[in-house]
Amino acid sequence: MRKRNSLRIMLDLMILAKEELSDLIIAIIAGIISFLSSTGIAVFAALLIVQSAGLISISFTRIVWLMAIFAFIRGITRYLEQYLNHLVAFKVLRMLRDKVFAAVRKLAPAKIEVSNKGELISMITGDIELIEVFYAHTISPISIAIICGSIYLVLISIFSPIIALITLLAYLIMGVGLPLIFSKWAKNTGRALRQEIGSLNNIFLDILRGITEIMQFAYHDKAIRLVQKSNQSLVKKQANLIEQLALLLALEDTIVVLTTGIVVLIGIKTGLAWSILLPLTFGIFFSFPAIANVASLGNGLSQSLACGERVLNLLEEEPVANEVTDGVDLNLVNELADPIIKIDNLTFAYDEQPVLQNFNLEISSGEVLGIRGESGCGKSTLLKLVMCFWPVYQGEILVAGHPVEEINTQSLWHNISYMTQSTEFFEGTIRDNLLIAKPHATDQELKDALRKASILEFVESLPNGLDTALTELGDNFSAGERQRFGLARCFLEDTKILLLDEPTSNLDVLNENIILNALKRNQADKTIIMVSHRTSSFKICDRIIQMSE
Ligand SMILES: Nc1ncnc2c1ncn2[C@@H]1O[C@H](COP(=O)(O)OP(=O)(O)OP(=O)(O)O)[C@@H](O)[C@H]1O
Ligand SMILES: [Mg+2]
């Protein structure tokens with residue numbers, strides 16, 4: 001994982017938000033006016049006191065009127081600042097979610113197969129939300145602090161250059177010193193915290209996936225201990241962060257009080273009139289919130305930046321196999337390719353672990369080929385390589401005479417159906433789930449596909465037929481029904497090549513026969529490669545090969 005410094009992360013995040021710049025600038029201007037007016041109100045309050053003491057001769061009502069006007073301005077600009085800052089943040093977050101999804105899609109399936117899904121989930125849900133802190137509560141506070149701080153200092157220096165100097169020093173300690181010290185400190189805590197949340201998610205997801213195994217093997221105590229351990233370490237990291245926050249707040253208050261005290265002392269020593277010193281002191285005391293906003297950034301910001309870093313890294317990650325868009329399109333209907341698939345001297349390894357070595361295979365058009373072999377010998381890997389999920393480094397896989405990495409990925413996937421031992425469904429109706437395979441299919445086409453897959457009767461027996469929502473059925477599909485739906489999708493897509501990775505391994509003999517018969521009836525003009533462990537599955541095959549390690 002690439003590590004960047006805070007400045008780099010902020011810059012990269014800013015580049016992502018460049019389209020929202022105009023709103024951001026308006027938010028900053030509103031924020032500046034808002035802070036200036038609130039400090040103004042404090043100065044007027046001091047003037048009221050000075051006036052009551054008879055030290056100046058400005059009309060009391062005029063000051064009150066000015067205070068009211070400033071309060072009004074403060075209200076409106078504060079609203080505008082908060083509204084626009086959040087609007088910008090949420091717009092950017094929406095864009096980030098889209099980008100993360102696109103990145104995940106680009107990296108899939110190879111990356112998703114090996115990476116931790118829990119971390120991806122915490123990234124999409126938690127991390128992106130936390131980046132809000134950066135867009136809504138970082139850029140404008142920093143800009144506001146710099147501009148307001150400068151205006152305050154110029155105004156103070158008109159009355160007392162030495163007090164302006166003291167104030168500048170206090171601003172620097174609070175606005176630069178504290179954030180620098182704390183952000184470094186909090187950044188590590190923030191990063192560790194985000195990682196811990198990700199790993200807790202992973203543990204939960206793992207436990208959910210394996211809940212039956214946990215029950216069956218009395219793994220319960222160990223699983224609970226795992227959760228407890230991760231939970232404990234999470235709380236510890238959260239406590240660290242809170243300790244830092246408390247210390248920071250205490251330091252901020254100390255700086256404000258000390259500075260105000262010193263200002264009063266110097267004012268008296270230099271013989272500044274009370275009619276000036278009092279409003280000046282009030283103004284300085286109430287000028288600190290604009291600067292303190294930057295000092296408190298470190299904490300929320302550190303987490304926000306840690307999340308930003310993770311999201312940026314994901315966006316920049318290179319897929320294992322790049323999508324091909326400048327290659328050839330397959331046209332298996334007209335191209336008379338024989339062999340339709342040719343595997344030539346293929347050698348493949350995940351990382352260092354070799355899986356396939358000098359593997360050769362030719363499959364004729366229309367052939368039904370069965371592949372068997374020991375578990376782990378690389379049968380599934382072979383099918384994934386034909387689908388181009390992983391890149392071929394050594395040797396060649398040719399589909400209709402074209403090396404797979406020269407075929408446009410979309411065209412490859414539209415010409416080959418790939419089905420594994422479990423079929424997944426998405427939210428929506430049965431129709432929605434079938435249309436994935438052919439978006440504009442008519443109901444008649446859907447029914448034909450269902451009939452071919454021997455599942456039409458079942459669908460028609462449901463009260464809402466094709467419109468039955470999957471949530472209504474939940475996981476109530478049996479394994480056999482799920483696989484028949486999977487097969488219906490393949491028939492609907494109507495590709496010339498079918499890759500089946502143990503399509504019947506979860507099924508009983510009866511259901512296996514239904515699937516096999518469905519395949520047999522519809523195999524005309526299709527080339528099928530079926531991986532299986534069961535001899536019974538191979539009865540529809542024209543040829544069976546044995547793979548060995
Ligand atoms: N994404 C991956 N990263 C690293 N190694 C992997 C990955 N997928 C599979 N392997 C390893 O590659 C080898 C071949 O796996 P593959 O899934 O192709 O075997 P298989 O023949 O389909 O086995 P089975 O019959 O059990 O399904 C195995 O040793 C497996 O552990
Ligand atoms: Mg396999």
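**Entry 1: Asn345**

Is Asn345 buried or exposed? I looked it up in this predicted model. Asn345 counts as exposed because 11 other C-beta atoms lie within 10 Å. The cut-offs are these: buried means 20 or more other C-beta atoms within 10 Å of the residue's own, exposed means 12 or fewer, and partly exposed is in between, with C-beta atoms placed from the backbone. Asn345 sits in strand β1. Its phi is positive, about 55°, although Asn345 is not a glycine. I noted the general rule: most residues other than glycine have a negative phi.

**Entry 2: ground rules**

I count residues from 1 along each chain as its sequence is written, and chains are lettered from A and ligands numbered from 1 in the order in which they are written. Since the model is predicted, local features need pLDDT of at least 70 and side-chain atom pairs count only at pLDDT 80 or more, while totals for chains, interfaces and linings use all residues.

**Entry 3: the domains**

I found the protein chain divided into domain 1 (6–316) and domain 2 (341–547). These bounds come from an automatic or database domain assignment. The centres of domain 1 and domain 2, taken over C-alpha atoms, are 52 Å apart.

**Entry 4: the open sheet**

I followed an open sheet of 4 strands next. Its order is β2-β1-β4-β5, and the pairing is antiparallel. Strands (E, at least two residues) and helices (H or I, at least four) are DSSP runs numbered from the N terminus. Two strands pair if DSSP finds at least two bridges between them. β2 and β5 (402–403) are the edge strands, each pairing on one side only.

How many bridges join β1 to β2? I found 7, between β1 (residues 341–350) and β2, and the two run antiparallel. Leu346 has Phe359 in β2 as its bridge partner. Ile343 has Leu361 in β2 as its partner. On to β4 (residues 394–399): 5 bridges join β1 to it, again antiparallel. There, Asp344 stands opposite Glu396.

I then checked the turn. β1 and β2 form a hairpin with 2 residues between them. Asp351 is in the loop between β1 and β2. Its phi is positive, about 50°, although Asp351 is not a glycine. Asp351 counts as exposed because it has 6 C-beta neighbours inside 10 Å.

**Entry 5: the parallel pairs**

Which strands does β3 join? β3 (residues 368–373) is joined by 4 bridges to β8 (residues 527–531), and they run parallel. Val368 is bridged to Ile528 in β8. β3 also pairs with β9 (residues 543–547) in the parallel sense, over 5 bridges. Gly373 has Met547 in β9 as its bridge partner.

**Entry 6: ligand 1**

I counted 13 residues around ligand 1. A residue is near the molecule if its C-beta atom, placed from the backbone, lies within 6 Å of it. The closest are Tyr350, Ser375, Lys379, Ser380 and Thr381. Two or more residues each come from α4 (110–114), β2 (353–363) and α12 (379–386). The largest share, 3 residues, is from α12.

By class, the shell has 4 nonpolar, 7 polar and 2 charged residues. Here Ala, Val, Leu, Ile, Met, Phe, Trp, Tyr, Cys and Pro are nonpolar, Asp, Glu, Lys and Arg are charged, and the others, Gly among them, are polar.

I also looked at Pro109, in the loop between α3 (60–107) and α4. Pro109 is partly exposed because it has 15 C-beta neighbours inside 10 Å. The C-alpha atoms of Pro109 and Cys388 are 9.8 Å apart, though 279 residues separate them along the chain.

**Entry 7: buried places**

Why is Ser37 buried? Ser37 counts as buried because 20 other C-beta atoms lie within 10 Å. Ser37 is in helix α2 (residues 21–52). Not counting residues up to four places away in sequence, Ser37 touches Phe70, Ile73, Arg74 and Thr77. Contact means C-beta atoms, placed from the backbone, within 7 Å. Ser37 and Thr77 are 40 residues apart along the chain, with 9.3 Å between their C-alpha atoms.

Last, the cores. A nonpolar core is a set of buried Ala, Val, Leu, Ile, Met, Phe, Trp, Tyr and Cys residues joined through C-beta atoms within 7 Å. The largest has 70 residues, of which Ile131, Tyr135, Met174 and Ile291 touch the most other members. Apart from it lies another core of 56 residues, including Ile363, Val386, Leu434 and Ile528.

Technical notes
Two residues are in contact if their C-beta atoms, placed from the backbone, lie within 7 Å.
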